[in-house]
Amino acid sequence: MTDASHDAIFCELTPPGRGGISTLGLFGPGILQTLQGVFRSSRPMEDGRDRLFYGRIVDEQGLPVDEVIVRVLGGTEAEVHCHGGPAAVEGVGRRLESCGFRRCTWAAFVSAHAEADGRGLIAAEAALWLPRLAALRPALIVAAQGNGLLAGAVRAVATSLGNGRVDEARERLDALLRSYQRTGRFIERPPHVAVVGMPNSGKSSLVNRLLGADRVIVTEIPGTTRDVVAETVSLDGLPVVLADTAGLRTAEDRVERIGVERARAEAATADVVVETCDLSGEAGTASGPGRESAGDARPPAVLRVGTKADLVSAGAVRGAVAVDVVTSAVTGQGIEELRRAILERLGFRWPDDGEPVPFTASQANALRAANCSIEQGRGDVALSLLMSFVPHA
């Protein structure tokens with residue numbers, strides 16, 4: 001067996017499952033020398049930038065494990081492109097482990113790469129988060145931070161602190177934390193909005209209208225929705241998880257009773273609760289489900305929404321119980337206003353051009369810890385925290 005440094009690592013770069021080609025990333029000192037012990041090619045593998053070698057990964061007896069293409073990216077980095085599918089990947093992976101490579105997660109692979117390159121943790125976290133983001137605007141924000149925008153802002157805080165401008169450093173930190181609170185935290189975790197109300201108060205129709213599709217079953221039968229149905233909707237480019245819930249009432253049916261309990265639990269943990277109020281009065285009292293409906297733990301971000309405005313006259317709407325937004329799922333009245341109101345209740349806004357945005361809880365926690373250290377007169381600790389996740393000079 002050929003020995004390899006304990007820092008020689010590999011992971012699957014392509015998504016798991018069947019496919020035409022799978023790619024394994026290799027990283028660490030001495031990987032080319034180690035790889036030569038298990039790779040057979042018609043020409044010797046040489047150190048160089050972006051060079052391709054066709055050959056086979058072989059077992060201890062020299063028998064082929066799989067035909068592969070090795071892409072050499074440098075002295076410490078390479079890729080093995082093998083046949084797609086779990087069997088081929090596992091066979092090549094086991095052979096790499098047998099000669100000293102350590103299998104690791106994608107997160108560990110990216111972090112090790114960033115640390116060795118001196119790019120800092122911000123760049124590593126950006127690389128980890130970008131593949132998870134399905135929406136364009138959040139992805140563009142994270143890419144900008146990973147390309148140096150956030151690191152530059154953190155370094156500016158450290159410069160102010162190192163030059164004795166403590167108040168300036170704290171102002172910069174506060175600005176970064178505000179940016180995380182109103183933008184970054186919603187990129188890391190899309191906000192949850194629970195739509196609650198009495199049976200037949202227009203919850204499911206409202207959800208379908210916001211989604212732009214008939215995702216939730218709508219009938220005139222009370223209690224049609226029995227469980228929490230969650231879908232992701234884009235509000236001004238921000239992915240938001242929208243949850244339709246069972247109608248809130250005293251249920252005799254066991255299944256519906258479980259649905260009501262889940263509706264209360266969903267409302268208790270949501271970032272915003274949209275509370276529907278049937279303006280036509282068909283669902284019962286016009287006052288809607290009431291404050292106790294979502295439970296005592298309901299968050300303060302509550303939006304009272306009047307529904308079925310198309311069934312009542314304008315005068316009746318104006319004289320109805322106070323609501324924040326008047327809507328009709330049939331005509332589309334108030335839907336855009338509701339979208340804006342949800343974002344306002346969240347306290348969300350898109351950043352200005354060139355505005356640095358911390359986009360993970362770990363970044364925000366480090367900034368808070370640095371701020372706390374400054375308050376305690378421990379500037380050296382604050383500097384160490386700040387410089388721990390920016391690129392090396």
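The model is predicted. The chain has 13 helices and 13 strands. Of its 393 residues, 46% count as buried. Take the contacts in the chain with a separation of 6 or more: residues 24 or more positions apart account for 60% of them.

**Helix pair α12 and α13**

- Two packed helices are described by the angle between their axes and the distance between the axes.
- Helix α13 covers residues 379-387, and its axis lies 7 Å from that of α12.
- The two helices pack at an angle of about 165°.
- An angle over 145 degrees counts as roughly antiparallel, so α12 and α13 are roughly antiparallel to each other.
- The crossing of α12 past α13 is left-handed.
- On the α12 side, the residues that meet α13 are A366, L367, A369, A370, S373 and I374.
- On the α13 side, their partners are G379, V381, A382, L385 and L386.

**Helix pair α4 and α5**

- Helix α4 spans residues 120-129, and helix α5 spans residues 136-146.
- Their axes are 8 Å apart, at an angle of about 155°.
- That angle is also over the cut-off of 145 degrees, so α4 and α5 are roughly antiparallel to each other.
- Their crossing is left-handed.
- From α4, the contact uses I122, A123, A126 and W129.
- From α5, the contact uses V142, Q145 and G146.

**T360, a residue in a loop**

- T360 sits in the loop between α11 (335-346) and α12 (361-375).
- Is T360 buried or exposed? Its relative accessible area is 2%. The cut-off for buried is under 20%, so T360 is buried.
- The side chain of T360 makes a polar contact with the side chain of E125, at 3.1 Å.
- Which residues does T360 touch, leaving aside its neighbours within four places in sequence? They are E125, W129, Y180 and E188.
- One of these, W129, also belongs to the α4 side of the α4 and α5 contact.

**Cysteines**

- How many disulfides are there? The count comes to 0.
- C104 is in no disulfide. The nearest cysteine sulfur belongs to C11 and is 4.9 Å away.
- A disulfide needs two cysteine sulfur atoms within 2.5 Å.
- C104 counts as buried, at 14% relative accessibility.
- C82 counts as buried too, at 3% relative accessibility.

- G152 is found in helix α6, which runs over residues 149-162.
- G152 is partly exposed, with a relative accessible area of 33%.
- In sequence, G152 and V390 are 238 residues apart.
- In space, G152 and V390 are 8.1 Å apart, C-alpha to C-alpha.

- Most residues other than glycine have a negative phi.
- D236 has a positive phi, near 55°, and is not a glycine.
- D236 is found in the loop between β9 (229-235) and β10 (238-244).
- K308 is not a glycine either, and has a positive phi of about 60°.
- Where does K308 lie? K308 is in the loop between β12 (302-307) and α10 (314-319).
- K308 counts as buried, because its relative accessibility is 18% and the cut-off is under 20%.

Definitions and conventions:
Residues are numbered from 1 along each chain as its sequence is written. This is a predicted model: local features need pLDDT of at least 70, side-chain atom pairs count only at pLDDT 80 or more; totals for chains, interfaces and linings use all residues. Side-chain values use heavy atoms; hydrogens and water are left out. Helices (H or I, at least four residues) and strands (E, at least two) are DSSP runs, numbered from the N terminus. Buried means under 20% relative accessible area, exposed over 50%, partly exposed in between (1.4 Å probe, protein chains only). A polar contact is a pair of N or O atoms within 3.5 Å; within protein, one must be able to donate a hydrogen and the other to accept it, and residues adjacent in sequence count only if both atoms are side-chain atoms. Contact means heavy atoms within 4.5 Å. Axes are lines fitted to C-alpha atoms, for helices over the stretch in contact, and angles run from 0 to 180 degrees between N-to-C directions. Angles under 35 degrees count as roughly parallel, over 145 as roughly antiparallel, 65 to 115 as roughly perpendicular and the rest as oblique. A crossing is left-handed if the near helix is turned anticlockwise from the far one by less than a right angle, and right-handed if clockwise.
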